[in-house]
Amino acid sequence: MTGTTRTVIAIDGPAASGKSSTAQWVAERLAFRHVDSGSLYRGLAAAMLRTSAPPDAWTGEALVAQGPRIRLRPEKTSFSILIDGEPAEPELRGSRVTEHVSLVARMPEVRNWVNERVREAAAEHDVVVDGRDIGTAVFPDASLKIFLIADPWERARRRLVQRLGRRPMDSEIAEETEQLVKRDARDATQTVQAADAVLLDTTYLTQEEQVERIVALVRAVTHRADGT
């Protein structure tokens, strides 16, 4: 736990392992709120892109200075990102932000800023949090820690289905797999399984099966904590 009576479920794993969509579904099943830490990195990147400062000149300090422009607004089972008081979801998922978010996420000052925002949200709400370092650096005492993995080919296939809305060709999957493997190498130091995390290989699981397993684990953990 985090020093409060709130429940924190931490979900970590490499890029395209299904963390965010699975975490959202788990939050809905449990009536928790989903905190997508990646959206905060995207929020800073989007805010910085609006300044027209060239990305090769971005610093952690300059990015964090954009922080006051960004707010997490509680929704029914999630949080939305506001930039300058306005919703920014399409912008956050756009190609320009996606191109630069990995750079932003590697900056220690930015990671510290994001982690503090996530902890603030968890102090007020029962949450399911996904991202990187969630079960190690952000919530080392989380009620439950899950580490999702999947075969790179399957991760690439799922990402393309979501992006293209159709069955991808093998050549497309191969190209996407290559990009994912390269990103895994870049993100290796930020994607570490906590020693007490439950490892869940989703290669041959549907998303519904993933969610069912995590919800069952959460209920088992919270029942033990309640002594029931």
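Student: Why are helices H2 and H5 called roughly perpendicular to each other?

Tutor: Their axes cross at roughly 115° and come within 9 Å. Angles of 65 to 115 degrees count as roughly perpendicular (under 35 is roughly parallel, over 145 roughly antiparallel, the rest oblique), so H2 and H5 are roughly perpendicular. H2 covers residues 37-50 and H5 residues 95-105. This is a predicted model, where local features need pLDDT of at least 70, side-chain atom pairs count only at pLDDT 80 or more, and totals for chains, interfaces and linings use all residues. Residues are numbered from 1 along each chain as its sequence is written, and side-chain values use heavy atoms, leaving out hydrogens and water.

Student: Which residues of H2 and H5 meet?

Tutor: From H2 come Tyr41, Arg42, Ala45, Ala46 and Leu49; from H5 come Arg96, Val97, Thr98, His100, Val101, Val104 and Ala105. Contact here means heavy atoms within 4.5 Å. By class, 8 of these residues are nonpolar, 2 polar and 2 charged.

Student: How do you know whether Arg157 and Glu154 are buried or partly exposed?

Tutor: Look at the relative accessible area: buried means under 20%, exposed over 50%, and partly exposed in between (1.4 Å probe, protein chains only). Glu154 has 14%, so Glu154 is buried. Arg157 has 32%, so Arg157 counts as partly exposed.

Student: Why are Glu75 and Arg73 called partly exposed?

Tutor: Glu75 has a relative accessible area of 27%, so Glu75 is partly exposed. Arg73, at 33%, is therefore partly exposed as well. The side chains of Glu75 and Arg73 meet in a salt bridge, at 3.1 Å from N to O.

Student: What makes Arg166 a partner of Glu172?

Tutor: Their closest N and O atoms are 2.8 Å apart, forming a salt bridge. Arg166 has 39% relative accessibility, so Arg166 counts as partly exposed.

Student: How many salt bridges are there by this rule, and which residues are linked in a network?

Tutor: The count comes to 18 salt bridges. Arg50, Arg69, Asp84 and Glu91 are linked in a network of them.

Methods. Axes are lines fitted to C-alpha atoms, for helices over the stretch in contact, and angles run from 0 to 180 degrees between N-to-C directions. Helices (H or I, at least four residues) and strands (E, at least two) are DSSP runs, numbered from the N terminus. Ala, Val, Leu, Ile, Met, Phe, Trp, Tyr, Cys and Pro count as nonpolar, Asp, Glu, Lys and Arg as charged, and the others, Gly among them, as polar. A salt bridge is a side-chain nitrogen of Lys or Arg within 4 Å of a carboxyl oxygen of Asp or Glu.
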